[in-house]
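Please open the structure in the viewer and keep the selection tool at hand. The stops below are meant to be followed in order.

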Number of protein chains: 2
Amino acid sequence: MYPIRLIVVGKPKAEPIILLEKHYKKLIRPYARLEVIEIPEGKGQHTRQLLDEAARIKNALSGFQRPVLLSATGQQSSSEEFASWLGSRMDSGESLAFAIGSSHGFHPSLNAEISERVALSAMTFPHDLCRIMFLEQLYRAFAILRGGAYHK
Amino acid sequence: MYPIRLIVVGKPKAEPIILLEKHYKKLIRPYARLEVIEIPEGKGQHTRQLLDEAARIKNALSGFQRPVLLSATGQQSSSEEFASWLGSRMDSGESLAFAIGSSHGFHPSLNAEISERVALSAMTFPHDLCRIMFLEQLYRAFAILRGGAYHK
């Protein structure tokens, strides 16, 4: 089954977020082998923290042919456009890994190194909520590709 | 205190959504008098259902000087742009009402009648999750206007 890795910083603290994540992971299970990697939050002052996280994110992205940063500055696309992009990646057999940054975003070195971006919104959302938004959108993409009733 | 009305179709069924809604409503309380109006889902076949909902939404929007539809087809704006738009509305003293459609969106008659749009994303999200995304973004807008640490 198609492997997709999601890299996130920190563990969600709020119970509703944990429950929603479980819910969407279960929905995705028939379509992809999704692996959520939680890296620890970087320590110290702002830039130092982002640098720490960048090293860990880079490490978790390594070996994947198509590393993608989830970022509000990426191309805004509709759910249909995202589904079609995902479908092409799966058809090409490329392994996919997505990363959601911490609340300060990504260190410039990571932004410079990885050019592929997907935007969940032009607005900024808490990174815990972004996890849910991404998983919902991933499930929606599979529903669109399959042609089900979920996406009307 | 500044009144803001949010009109939504149906009640959220999932417990995590109910909890997150409560959480953000509490955060917003010091900044605005937010009122969430839940109108019942329209009945019958697709177009009939949307027409039913449109009548109820129009009714709930009436009397508000600035009625706004939340729609993926609206202008994509950043959190800062949304906050600045909200700040101008509050400064002008206009009363604000937002509507989130059901999973089929809005009836064309409502789209034709109300031109102001705000997009939470170019992607389609479940309307229950849109409630949370909107409330979070409203709170974030107040945090931006106030200049707090929430929005970094």
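The tour goes from the sheets to the helices and then to the contact of the chains.

**Before selecting**

This is a predicted model, in which local features need pLDDT of at least 70, side-chain atom pairs count only at pLDDT 80 or more, and totals for chains, interfaces and linings use all residues. Residues are numbered from 1 along each chain as its sequence is written, while chains are lettered from A and ligands numbered from 1 in the order in which they are written.

**Stop 1: the sheet of chain A**

Chain A has an open sheet of 5 strands in the order β2-β1-β4-β3-β5, with parallel pairing; two strands pair if DSSP finds at least two bridges between them. At the edges are β2 (33–39) and β5 (117–118) of chain A, each of which pairs on one side only.

Next, select β1 (residues 3–9) of chain A together with β2(A): 7 bridges pair these strands in the parallel sense. Here R5(A) stands opposite E35(A) of β2(A).

**Stop 2**

Move to chain B, where an open sheet of 5 strands, with parallel pairing, has the order β2-β1-β4-β3-β5. Its edge strands are β2 (33–39) and β5 (117–118) of chain B. Select β3 (residues 66–70) of chain B and β5(B), which run parallel and are joined by 2 bridges. L69(B) has R117(B) in β5(B) as its bridge partner.

**Stop 2: helices α1 and α5 of chain A**

Return to chain A and select α1(A) and α5(A). Their axes are 9 Å apart, and the helices pack at an angle of about 20°. That angle makes α1(A) roughly parallel to α5(A), since angles under 35 degrees count as roughly parallel, over 145 as roughly antiparallel, 65 to 115 as roughly perpendicular and the rest as oblique. The crossing of α1(A) past α5(A) is left-handed, meaning that the near helix is turned anticlockwise from the far one by less than a right angle, with clockwise being right-handed.

Show the side chains in this contact, including I17(A), L20(A) and Y24(A) of α1(A) and I132(A), L135(A) and F142(A) of α5(A). Two residues are in contact if their C-beta atoms, placed from the backbone, lie within 7 Å. By class, the contact of α1(A) with α5(A) has 10 nonpolar, no polar and 5 charged residues; Ala, Val, Leu, Ile, Met, Phe, Trp, Tyr, Cys and Pro count as nonpolar, Asp, Glu, Lys and Arg as charged, and the others, Gly among them, as polar.

**Stop 3: where the chains meet**

Display both chains. The contact takes 25 residues from chain A and 25 residues from chain B. On the side of chain A that touches chain B, α1 (15–28), α3 (79–92) and α5 (127–146) of chain A each supply at least two residues, and α5(A) gives the most, with 5 residues. That side of chain A divides into 12 nonpolar, 10 polar and 3 charged residues.

**Stop 4: relating the copies**

The same surface serves both copies, as 100% of the contact residues of chain A recur in chain B.

How values were computed. Helices (H or I, at least four residues) and strands (E, at least two) are DSSP runs, numbered from the N terminus. Axes are lines fitted to C-alpha atoms, for helices over the stretch in contact, and angles run from 0 to 180 degrees between N-to-C directions.
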